[in-house]
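Here are my notes on this one, point by point. Have the model open while you go through them.

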Amino acid sequence: MHGLVKRKADVGLWLEDVPKPEYGINDVLIRVKKTGICGTDVHIYKWDDWAQKTIPVPMVVGHEFVGEIVAVGSNVVDFHPGDIVSGEGHVVCGRCRNCLAGRRHLCAFTKGVGVNRAGAFAEYISLPMSNVWHHSSDIDLDVASIFDPFGNAVHTALSFDLLGEDVLITGAGPIGIMATAIVRHAGARHVVVTDLNPYRLELARKMGATVAVDPREQDLPAVQAQLGMKEGFDVGLEMSGNPHAFNSLIANMAHGGKIAMLGIPEKSMAIDWNTVVFNMLTIKGIYGREMYETWYKMTVMLQSGLQIAPVITHRYHYTEFQKGFDVMLSGQCGKVVLDWET
Ligand code: NAD
Ligand code: ZN
């Protein structure tokens with residue numbers, strides 16, 4: 001089969017013939033239909049410090065996908081050939097304290113699909129049945145292919161009560177843009193989004209931002225004044241990984257404000273801890289999705305009218321993967337989806 005492989009310790013990815021994956025008695029074999037390109041895949045493509053420390057070569061990469069089950073192991077009774085499914089990208093140990101208590105998203109021994117084990121940028125992928133999400137029959141396949149990052153956005157956004165609250169989202173990458181639509185759907189009042197990239201600010205407006213600004217052009221106190229806000233934001237979602245963005249978020253929260261932090265800073269960063277203490281802020285780190293409460297919420301929010309599809313701005317056949325990575329590298333995009341049907 002064809003797979004996009006990190007063949008060697010160098011910049012790039014290579015489309016190659018690789019063996020079709022084997023599947024064990026507890027696994028399902030899935031024919032991949034569509035995949036999303038994640039920022040993580042771009043790190044692997046660029047072969048940055050994190051990728052060099054983390055990614056074994058050679059390996060098929062990628063973790064955002066939708067596909068159709070073609071075979072199941074002899075222990076698998078809940079899934080059947082023909083089912084349309086996506087995969088949870090974190091394979092947990094099942095044996096640690098958190099896993100045994102049902103808090104699988106808190107497992108300390110997680111393995112990443114397309115990061116520590118063979119990924120989804122291929123014609124087939126094999127996964128443990130406990131990592132498979134069966135889509136409802138009304139699902140749009142493009143949207144199904146990005147359930148993984150959509151889940152990051154949902155997990156972060158739904159960390160705190162949103163109804164009637166004023167929300168600040170720093171970073172209008174694909175995840176920040178999806179979070180904009182989610183907090184709007186969940187009943188927030190004002191949703192303010194910051195980014196430095198005009199293309200992405202425009203997408204945030206399309207997805208329901210009350211105001212989407214470049215903080216170099218208009219600062220957040222001025223935005224608050226424009227909206228008639230007096231006490232700061234109730235909920236903050238950090239989705240840029242940028243130290244300036246995180247510090248401006250902390251500075252613009254209401255007393256008792258709640259912050260969910262998804263963005264991954266490149267290195268350790270300083271923040272104003274006095275503001276955290278004296279303004280009594282809560283900061284919650286977010287990694288991945290809750291298994292499977294987040295997946296349930298994604299599905300029912302789509303069924304109750306949430307529109308996520310506009311975040312997908314580019315689509316290519318997998319043989320044109322280079323175009324997909326080029327547009328990701330340019331930043332002039334939302335989500336990029338690769339089609340694996342031949
Ligand atoms: P992305 O890199 O596409 O988006 C980040 C955005 O932040 C970009 O649009 C960038 O222009 C913007 N930005 C940069 N500096 C800024 C500033 N000073 N103010 C406001 N915006 C600024 O990433 P994404 O795929 O949307 O993911 C968002 C973040 O979440 C990234 O940091 C990513 O590494 C991280 N992430 C975390 C998890 C997790 O499980 N914790 C999962 C996926 C992604
Ligand atoms: Zn575990």
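1. Start with ligand 1: it has 27 residues around it, the closest being Gly171, Gly173, Ser240, Gly241 and Ala245 (a residue is near a molecule if its C-beta atom, placed from the backbone, lies within 6 Å of it). The elements giving two or more residues to this shell are α6 (174-185) and α9 (243-251), and α6 provides the largest share, three residues. Helices here are DSSP runs of H or I with at least four residues, strands are runs of E with at least two, and both are numbered from the N terminus. By class, the shell has eleven nonpolar, 14 polar and two charged residues. For the classes, Ala, Val, Leu, Ile, Met, Phe, Trp, Tyr, Cys and Pro count as nonpolar, Asp, Glu, Lys and Arg as charged, and the others, Gly among them, as polar.

2. A word on ground rules. This is a predicted model, where local features need pLDDT of at least 70 and side-chain atom pairs count only at pLDDT 80 or more, while totals for chains, interfaces and linings use all residues. Residues are numbered from 1 along each chain as its sequence is written, and chains are lettered from A and ligands numbered from 1 in the order in which they are written.

3. On to the domains, whose bounds come from an automatic or database domain assignment. Domain 1 takes 2-146 + 308-339 and domain 2 takes 153-285, with 29 Å between their C-alpha centres. Seven residues of domain 1 are in contact with nine of domain 2 (contact: C-beta atoms, placed from the backbone, within 7 Å). The domain 1 side of that contact divides into three nonpolar, three polar and one charged residue.

4. Which residues does the UniProt "binding site" annotation cover? In the unreviewed entry they are Cys93, Cys96, Cys99 and Cys107; UniProt positions follow the numbering used here, feature names are shortened, and annotations may be inferred rather than shown by experiment. Cysteine 93 sits in the loop between β7 (90-91) and α3 (97-100), and cysteine 96 is in the loop between β7 and α3 too. Leaving out residues up to four places away in sequence, cysteine 93 touches Cys99, Cys107 and Phe109, and cysteine 96 touches Cys107, Ala108 and Phe109.

5. Have a look down helix α1 (residues 39-46), where Thr40, Asp41, Ile44 and Tyr45 are buried. Buried means 20 or more other C-beta atoms within 10 Å of the residue's own, exposed means 12 or fewer, and partly exposed is in between, with C-beta atoms placed from the backbone. Seen down the axis, the buried residues of α1 fall within an arc of 145°, so they line one face of the helix; the arc is that of the directions from the helix axis to the C-beta atoms. They pack against β1 (2-6), β3 (27-37), α2 (49-54) and α12 (321-330).

6. Tryptophan 47, in the loop between α1 and α2, has phi near 60°, a positive value in a residue other than glycine. Methionine 280 has a positive phi near 55° and is found in the loop between α10 (273-278) and β16. Methionine 280 counts as exposed because it has 12 C-beta neighbours inside 10 Å.

7. Also check the cis peptide bonds. The bond from valine 57 to proline 58 is cis, with omega near 0°, and so is the one from methionine 291 to tyrosine 292. Proline 58 lies in the loop between α2 and β4 (59-60), and tyrosine 292 in the loop between β16 (282-285) and α11 (293-303).

Conventions:
Two residues are in contact if their C-beta atoms, placed from the backbone, lie within 7 Å.
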